[in-house]
Amino acid sequence: MCELFIKADARLWESTTRSLRIDGMVTSVRLENFFWSKLEEISRRDGMNVVQLITRLHHESIDAGHDLGNFTSFLRVCCARYLDLQVTGDIPADVTRPIAELDAPIILGREREKYH
């Protein structure tokens with residue numbers, strides 16, 4: 001069983017640091033390459049680049065009152081949830097379908113039922 005994970009391409013868990021500008025401030029985000037590839041996929045679905053997606057997530061997190069003490073962990077969880085929601089069929093596997101067109105309140109309701 002573990003062979004599937006152990007023998008994966010080691011580049012997937014190597015970290016890459018990217019500098020980006022959010023509201024005029026330069027910040028660095030360090031994530032494993034696997035997560036960068038998922039963020040790229042998510043951003044492409046809605047016609048954005050990764051910096052635009054991260055900036056939007058940052059702004060909306062602040063607006064929602066989230067503690068951004070560990071923003072990189074938040075980004076990792078966003079990627080994991082994206083994959084989980086694809087498995088459940090809540091986010092279509094068809095990457096040409098924008099995420100913005102999905103009914104977020106219904107999807108979030110189903111997810112809450114699953115975890116509570």
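These exercises with worked solutions concern the chain shown above.

The structure is a predicted model, in which local features need pLDDT of at least 70 and side-chain atom pairs count only at pLDDT 80 or more, while totals for chains, interfaces and linings use all residues. Residues are numbered from 1 along each chain as its sequence is written, and side-chain values use heavy atoms, with hydrogens and water left out.

**Exercise 1.** State how many helices and strands the chain has, and give their pattern along the sequence.

Solution. Step 1: helices (H or I, at least four residues) and strands (E, at least two) are DSSP runs, numbered from the N terminus. Step 2: the chain has 5 helices and 2 strands. Step 3: read along the sequence, the pattern is α-β-β-α-α-α-α.

**Exercise 2.** Locate Asp23 and describe its phi angle and accessibility.

Solution. Step 1: Asp23 lies in the loop between β1 (15-22) and β2 (25-32). Step 2: its phi is near 55 degrees, a positive value in a residue other than glycine. Step 3: buried means under 20% relative accessible area, exposed over 50%, and partly exposed in between (1.4 Å probe, protein chains only). Step 4: Asp23 counts as exposed because its relative accessibility is 59%.

**Exercise 3.** Find the share of buried residues and the share of contacts between residues 24 or more positions apart.

Solution. Step 1: of the 116 residues in the chain, 29% are buried. Step 2: a contact means heavy atoms within 4.5 Å. Step 3: among contacts with a separation of 6 or more, 40% join residues 24 or more positions apart.
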